[in-house]
Amino acid sequence: MQIHPRSLFLWCIAALAVSSAAAGTVSVSFVNAPGFADASATAWDKGANQRALAGHLRALGQRHLAAGQVLKVEMLDLDLAGTTRPSRHTGHDLRIVRGMADAPRISLRYTLEEGGQPLRSGEESLTDVNYGRGLSHASGADPLRHEKRMLDDWFKQRFN
């Protein structure tokens with residue numbers, strides 16, 4: 001039996017739709033985002049960073065939450081790893097990462113629900129003082145790699 005490529009493609013799309021519908025969902029909001037300690041130096045970068053972190057949390061929900069579970073996350077504060085310094089060469093600010101004193105920090109509040117009933121909730125401050133250790137060079141291109149790894153660890157500890 002020969003499978004037509006278009007049929008295979010449609011089957012794959014349908015399988016992805018079913019699997020994503022069966023996974024849990026995550027909604028993310030940013031409380032007092034203008035008051036965050038350090039979401040970035042520019043308004044454009046702040047918005048892009050918030051969208052990237054929200055997307056990362058949604059992807060974690062797709063992978064780790066059970067079908068029908070809804071995780072509501074409120075980001076209360078964000079302090080990215082490192083500090084920004086103006087660059088004379090590029091005209092853009094550079095993020096300088098030096099160590100423990102400028103570790104990434106995220107304060108958040110969350111509620112995990114299933115069927116409209118709360119299963120677990122809390123408010124936490126996440127910090128990774130060892131953020132510069134253990135990352136592969138392949139992950140070095142992502143400017144939010146430290147924050148995403150910290151969220152990965154938190155998510156797995158709380159929801160696996």
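1. Basis. The model is predicted, so local features need pLDDT of at least 70 and side-chain atom pairs count only at pLDDT 80 or more, while totals for chains, interfaces and linings use all residues. Residues are numbered from 1 along each chain as its sequence is written, and side-chain values use heavy atoms, with hydrogens and water left out. Helices (H or I, at least four residues) and strands (E, at least two) are DSSP runs, numbered from the N terminus.

2. Two strands count as paired if DSSP finds at least two bridges between them.

3. β1 with β2. These strands run parallel and are joined by 6 bridges. Ser 27 stands opposite Lys 72 in β2.

4. β2 with β5. The pairing of β2 with β5 (residues 105–114) is antiparallel, over 10 bridges. Met 75 stands opposite Leu 108 in β5, and Gln 69 is opposite Glu 114.

5. β5 with β6. β6 (residues 117–127) pairs with β5 in the antiparallel sense, again over 10 bridges. The bridge partner of Leu 112 is Arg 120 in β6, and that of Arg 105 is Thr 127. The two strands form a hairpin with 2 residues between them, and Gly 115 in the turn has a positive phi of about 60 degrees.

6. Helix α2. This helix covers residues 43–64, 22 residues in number; at 1.5 Å a residue it should span 32 Å, and its end C-alpha atoms are 32 Å apart, which agrees. The expected span is 1.5 Å times one less than the number of residues. Buried residues of α2 include Leu 53, Ala 54, His 56, Leu 57 and Leu 60 (buried means under 20% relative accessible area, with a 1.4 Å probe and protein chains only). The buried residues of α2 pack against β1 (25–30), β2 (69–79) and α3 (145–159), where contact means heavy atoms within 4.5 Å.

How values were computed:
Buried means under 20% relative accessible area, exposed over 50%, partly exposed in between (1.4 Å probe, protein chains only).
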